[in-house]
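Q: Can you walk me through this one? I'd like to go through the packing piece by piece.

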Amino acid sequence: SSEKKRVGAEKKGKDYIDYYDFKTIQENRIAFGATLPSDGDDDANGESLTGLTNFVDYIHTKYMVIDALTENPLVITGSANFSAASTDKNDENSLIIQGDTSVADIYFTEF
């Protein structure tokens, strides 16, 4: 659990930051993936699950938009979770796009 990881990090004299730390900051906006129908029907946009798995019924997209409405926005997106295991152990990918206001506008509008 996050609390166990936090206590372990504090015992080692290290900082530990996770989703819940960001969630409590009033200026931050947190969004979760949209769900898709799992019964074979398409949603309003004609999207449906592929059937590749039967245990995930939502769009599994991770992204972070920082300073979206400035001239130098930062968009981070990809398969990687924002966790130590993802960055240190797993085979993940991330795309970092800085300074492209068009991309930031699309992410900001879509999500």
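Q: How does α4 run relative to β2?
A: This is a predicted model. In it, α4 lies across β1, β2 and β3, at about 65 degrees to β2.

Q: What is the order of the strands in that sheet?
A: The order is β1-β2-β3, in an open sheet of three strands with antiparallel pairing. β1 and β3 are the edge strands, each pairing on one side only. Neighbouring strands are turned by 10 degrees against each other on average, with direction ignored.

Q: How many bridges join β1 to β2?
A: Five, and the two strands run antiparallel.

Q: What stands opposite Tyr 63?
A: Thr 77, in β2.

Q: Back to the helix. Which residues of α4 are buried?
A: Val 103, Ala 104 and Tyr 107. They cover an arc of only 100 degrees around the axis, which puts them on the same side of α4.

Q: And what do the buried residues of α4 pack against?
A: They pack against β1, β2 (74–78) and β3 (94–98).

Q: Which exposed residues does the face turned away from the buried side carry?
A: That face of α4 carries Ile 106 and Thr 109.

Q: What caps the N-terminal end of α4?
A: Asp 100 does: one of its side-chain oxygens lies 3.1 Å from the backbone nitrogen of Ser 102.

Q: Changing topic: how many aromatic pairs does the count come to?
A: One aromatic pair. Its members are Tyr 63 and Tyr 107, with ring centres 6.0 Å apart.

Q: Why is the pair called tilted?
A: The planes of the two rings are at 50 degrees. Under 30 degrees would count as stacked and over 60 as edge-to-face, so a pair between those limits is tilted.

Q: Where do Tyr 63 and Tyr 107 lie?
A: Tyr 63 lies in strand β1 (residues 62–66) and Tyr 107 in helix α4 (residues 101–110), so the pair ties together parts that are 44 residues apart in sequence.

Q: Is Tyr 107 buried or exposed?
A: Tyr 107 is buried, with a relative accessible area of 18%.

Q: What about Tyr 63, what is its relative accessible area?
A: For Tyr 63 the value is 22%, so that residue is partly exposed. The cut-off for buried is under 20%.

Q: So where does that leave Tyr 107?
A: Tyr 107 is one of the buried residues of α4, and those residues pack against strands including β1. Its ring also pairs with that of Tyr 63, a residue of β1.

Key
Residues are numbered from 1 along each chain as its sequence is written. This is a predicted model: local features need pLDDT of at least 70, side-chain atom pairs count only at pLDDT 80 or more; totals for chains, interfaces and linings use all residues. Side-chain values use heavy atoms; hydrogens and water are left out. Rings of Phe, Tyr and Trp (its six-membered ring) pair if their centres lie within 6.5 Å; planes under 30 degrees apart count as stacked, over 60 as edge-to-face and the rest as tilted. Helices (H or I, at least four residues) and strands (E, at least two) are DSSP runs, numbered from the N terminus. Buried means under 20% relative accessible area, exposed over 50%, partly exposed in between (1.4 Å probe, protein chains only). The arc is that of the directions from the helix axis to the C-beta atoms. Contact means heavy atoms within 4.5 Å. A polar contact is a pair of N or O atoms within 3.5 Å; within protein, one must be able to donate a hydrogen and the other to accept it, and residues adjacent in sequence count only if both atoms are side-chain atoms. Two strands pair if DSSP finds at least two bridges between them. Axes are lines fitted to C-alpha atoms, for helices over the stretch in contact, and angles run from 0 to 180 degrees between N-to-C directions.
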